[in-house]
Amino acid sequence: MRVLDIIDGTIVDGPGLRTSIYLAGCAHQCPGCHNPSSWDFDGGEEMSIEALVEHVRENDFDVTLSGGDPLYQLPGVIALCRRLRHDLGKNIWLYTGFTLEEISESPVLNAILDEVDTIVEGPFIESLRDPALHFRGSSNQRIIHLE
């Protein structure tokens, strides 16, 4: 998997202290994106799922996957989520520019719905930016608990 950064102990990407894993690559390229350096699919460094699982195990926080958009690395993200949830019992939040409807209707993307606890979904829309919102940047984005 192409990983841009891993930040432990963050409180802005979901409830409680979390390990946030920022993955490379995003074709949404939302105007006003807070992290346009994450758009490059060749950015960051290659990391194995095992290395990511071990990092989470050592730091023992729940996990947030962001980016970029994790769904552009779907096979690796699904494998990582399975390990984190089933082996370590971690709660997983996933940020994506896809909407729940797009994910649900896609025979490929919908596999993620069984592997994460919460999705923060929808593209960032600069004209709907609202700094008062918790865990999202624009009012069109939804926090959907799948548990």
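Predicted model: local features only at pLDDT ≥ 70, side-chain atom pairs only at ≥ 80, totals over all residues.
**View 1. Trp-93 and Phe-135 form an edge-to-face aromatic pair.** The centres of the two rings lie 5.3 Å from each other, and the angle between their planes is 75°. The pair links distant parts of the chain, since Trp-93 belongs to strand β5 while Phe-135 sits in the loop between β6 and β7 (142-145), 42 residues apart.

**View 2. Tyr-72 and Phe-98 form a tilted aromatic pair, one of three aromatic pairs in the structure.** Here the rings are 5.5 Å apart, centre to centre, with 45° between the planes. Tyr-72 is partly exposed, having a relative accessible area of 32%, while Phe-98 is buried at 15% relative accessibility. With Phe-41, these two residues make up one aromatic cluster.

**View 3. The largest pocket has a volume of about 660 Å³.** Its lining is made up of 33 residues, and those that lie nearest the centre of the pocket are His-34, Tyr-95, Phe-124, Gly-137 and Gln-141. The elements that contribute two or more residues to this lining are β4 (62-67) and β6 (118-121). When the lining residues are divided by type, 13 are nonpolar, 13 are polar and seven are charged.

**View 4. Ile-7 lies in strand β1, which covers residues 2-10.** Ile-7 is partly exposed because its relative accessible area is 36%, a value between the cut-offs of 20% and 50%. Once its neighbours within four places in sequence are left aside, Ile-7 is in contact with Arg-18, Thr-19, Ser-20 and Tyr-22. Glu-50 may also be located from this residue, for Ile-7 and Glu-50 are 43 residues apart in sequence and 17 Å apart in space, taken from C-alpha to C-alpha.

Key: Residues numbered from 1 in each chain as written. Heavy atoms only, no water. 1 Å grid on protein atoms, 1.4 Å probe; cavity = no way out; pocket = protein on both sides within 12 Å on 5 of 7 lines; lining within 4 Å. Points joined across faces, edges and corners; volume = space filled by probe spheres on them. Helix = DSSP H or I, 4+ residues; strand = E, 2+ residues; numbered from the N terminus. Nonpolar A, V, L, I, M, F, W, Y, C, P; charged D, E, K, R; others polar. Buried < 20%, exposed > 50% of the residue type's maximum accessible area, 1.4 Å probe, protein only. Contact = heavy atoms within 4.5 Å. Phe/Tyr/Trp six-rings, centres within 6.5 Å; stacked < 30°, edge-to-face > 60°.
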